[in-house]
Structure formats: C-alpha cells, structure tokens
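Welcome! Let's get to know this structure together through a few questions and answers.

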Amino acid sequence: MFTNEIISDCEKALLDDLIKLEQEYGFIFPDEFKIFYTQYNGGKPKKKEVCLQDGDWKSNTRFHGFYPVNNKFEKALKNVNDESWWIKGFIPFGYDEGGETFCFSTRNNDYGCIYYFMSDCIDEENPEDAYLKVSENFSEFINNMT
C-alpha cells in the first residue's frame, strides 16, 4: 500500500483510539488513515518532497511529520476546530518544515483528498483559497513524495 518507507518510534494507535476521535469530533477516518495509524501512528516518511501545483504555479515543500494520535493529533484538531478560516470537514494530520498543515477532507464531494493549508493565503471571505489540493488520496500522497 505504501511504497515510501515510514520511520516511526511511536506506539501504534489502537482502532479504539481512532473511533474515539471520530466520535468526539464528528468525522470518519478514510480506511487508508486507519491502516496507517494502526501501523505507524505518526512518524516521518523517508522521502519527504511534496509537489505543490496550481495551474502554472509549481513549488515543493518538505513534509516533516505526521501528528501521532493520543498526542499532537488531538491538539491540532482543537487548534483549528473553532477558527473561522478553517474549513469544516478538513482534518489536520501532518506538517511541513515551515509549520504549514496537511489535512484530509471528510466532505462528501472530496472525501479522502489531501490538501495543503497555506497560512499566507487566509481570507475569511474565501477560505478555500488557503487550501491547495495535493492528491486524491492518502496512499497517492505518501507514495508520490520524492
């Protein structure tokens, strides 16, 4: 499923931990995330470069790590939950070396898609402008890192 090696020293998350988060915050993890977190619960990918592209604009960022469950994952959820510029249905799961956030969608129209949040682009009238779609799903996201 994942061709990019993940280096993790975290205790594996239990399925019950994930279910608890789902119930507390009102979302359902995509199956790929459940598999990932019960195997690794965070960690860092060996290949880290993520391509960011929007039309003719193209850039890269270095993925730094995943938020582990029973620690940073919950803190990240609490931090964005009440922010007016954070899109409801987007769940933060990791960050780049500059501290920007990666999230997955739990919305019906793009469930499981991966987005990159760009804090420099926050616009409360158009919050979607701060999010760049990176991949269609979690496996593609991890496996396309270079």
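Axes are lines fitted to C-alpha atoms, for helices over the stretch in contact, and angles run from 0 to 180 degrees between N-to-C directions. Helices (H or I, at least four residues) and strands (E, at least two) are DSSP runs, numbered from the N terminus. This is a predicted model, where local features need pLDDT of at least 70 and side-chain atom pairs count only at pLDDT 80 or more, while totals for chains, interfaces and linings use all residues. Residues are numbered from 1 along each chain as its sequence is written, and side-chain values use heavy atoms, with hydrogens and water left out.

Q: Which class describes how α1 and α2 lie to each other?
A: The axes of helix α1 (residues 15-25) and helix α2 (residues 31-39) come within 9 Å and cross at roughly 130°. Angles under 35 degrees count as roughly parallel, over 145 as roughly antiparallel, 65 to 115 as roughly perpendicular and the rest as oblique. The two helices, α1 and α2, are therefore oblique.

Q: Which residues of α2 meet L15, L18 and E22 in α1?
A: Contact means heavy atoms within 4.5 Å. On the α1 side are L15, L18 and E22, and their partners in α2 are K34, Y37 and T38.

Q: What kind of ring pair do F33 and F93 form?
A: Rings of Phe, Tyr and Trp (its six-membered ring) pair if their centres lie within 6.5 Å; planes under 30 degrees apart count as stacked, over 60 as edge-to-face and the rest as tilted. By this rule the count comes to 35 aromatic pairs. For F33 and F93, the centres are 5.1 Å apart and the planes stand at 70°, so the pair is edge-to-face.

Q: How many residues apart in sequence are the parts that F33 and F93 tie together?
A: F33 belongs to helix α2 and F93 to strand β5 (residues 90-96). Their pairing therefore ties together parts whose separation in sequence, in residues, is 60.

Q: Is F93 buried or exposed?
A: Buried means under 20% relative accessible area, exposed over 50%, and partly exposed in between (1.4 Å probe, protein chains only). The relative accessibility of F93 is 0%, so F93 counts as buried.

Q: Which residues does M145 contact, leaving aside its neighbours within four places in sequence?
A: M145 is found in the segment after α4 (138-143). With a relative accessible area of 3%, M145 is buried. Leaving aside those neighbours within four places, M145 is in contact with N4, P45, K47, K48, E49, V50 and F63.
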